[in-house]
Structures are given as structure tokens and as C-alpha cells.
Amino acid sequence: DILPPVISPFTWKITEINQEVTISGFAPTPDIAADLAAAASSQLRATVTNDQRIAGGEPDGFGRTARILIDALDRAQDATASLTTGRIVMQGKANS
């Protein structure tokens, strides 16, 4: 099997501005990348630009954490959330 390169730090980012969502950084498999893009499109009711690339080195619980960040963006406006090997950062305006 050919494995994707291991990236360190492993980063993933989702940004929502005016109901346009961009997902960038890395996902461990094409299926997980597609699943996260579909979840973001459905949950955030937005057009998604999927700029994720495939790489190894993801932190434990990556998929679950990314889904939590998508859920958090649903509660914010003009927001960005990122995951970088064990560190989560979120910025934006809370929904009123």
C-alpha cells in the first residue's frame, strides 16, 4: 500500500463567511475529507469549497473533533475554527 505523507504539525481549518464555507488543511483519508465537507454543507446550509489534502499524522479523535468544530461554527457568524495537532482555536461572532 502507498500511504500519504505524515505531516507535522497536522492542521485542519474551517471558515464560514456569509454562508460560504472553506475547509482547508489535511484529512487522513479521501473518505473522511468528503464526509467532513458533506457534513459542513448540510449542517451549515452553505456552499463548501473543499481544499483539504490527504496526509497522515492526524491527532487521535480527529474526525470527532472536526465534527465538533463544524457544530460550533453553526452557532457563530463569520467564524473560523482550526485544529493543529492538539490545539483548537475558534474565532467569530456568537449568533444572537
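This is a predicted model: local features need pLDDT of at least 70, side-chain atom pairs count only at pLDDT 80 or more; totals for chains, interfaces and linings use all residues.
The largest nonpolar core of the model comprises 22 residues. Within this core, the residues with the most contacts are Trp 12, Ile 14, Leu 44 and Ile 70. At least two core residues come from each of the following elements: strand E1 (11-17), strand E2 (20-27), helix H1 (30-44), helix H2 (62-73) and strand E4 (76-84). In soluble globular proteins, nonpolar side chains tend to be buried together.

Leu 44 illustrates the contacts of a core residue. When residues up to four places away in sequence are not counted, Leu 44 touches Ile 14, Gln 19, Val 21, Ala 39, Ile 70, Leu 73 and Asp 74. Two of these partners, Ile 14 and Ile 70, are themselves named among the core residues with the most contacts.

Ser 82 was also examined. This residue is located in strand E4. Ser 82 counts as buried because its relative accessibility is 18%, and the limit for a buried residue is under 20%. With neighbours within four places in sequence left aside, Ser 82 is in contact with Trp 12, Lys 13, Leu 69, Arg 87, Ile 88 and Val 89. One of these, Trp 12, is among the core residues with the most contacts.

Four salt bridges were found in a search of the whole structure. One of them joins the side chains of Arg 45 and Asp 74, with an N to O distance of 3.1 Å. This pair links distant parts of the chain, 29 residues apart. Arg 45 lies in the loop between H1 and strand E3 (47-54), and Asp 74 lies in the loop between H2 and E4. Arg 45 is exposed, because its relative accessibility is 56%, whereas Asp 74, at 26%, is partly exposed. Asp 74 is also one of the residues touched by Leu 44.

A further salt bridge is formed by the side chains of Asp 71 and Arg 75, at 2.4 Å from N to O. Asp 71 has a relative accessible area of 27% and is therefore partly exposed. Arg 75 counts as exposed, with a relative accessibility of 53%.

The side chains of Lys 93 and Asp 78 also meet in a salt bridge, with an N to O distance of 3.7 Å. Lys 93 is partly exposed at 48% relative accessibility. Asp 78 is likewise partly exposed, its relative accessible area being 33%.

Conventions: Residues are numbered from 1 along each chain as its sequence is written. Side-chain values use heavy atoms; hydrogens and water are left out. A nonpolar core is a set of buried Ala, Val, Leu, Ile, Met, Phe, Trp, Tyr and Cys residues joined through side-chain atoms within 4.5 Å. Buried means under 20% relative accessible area, exposed over 50%, partly exposed in between (1.4 Å probe, protein chains only). Helices (H or I, at least four residues) and strands (E, at least two) are DSSP runs, numbered from the N terminus. Contact means heavy atoms within 4.5 Å.
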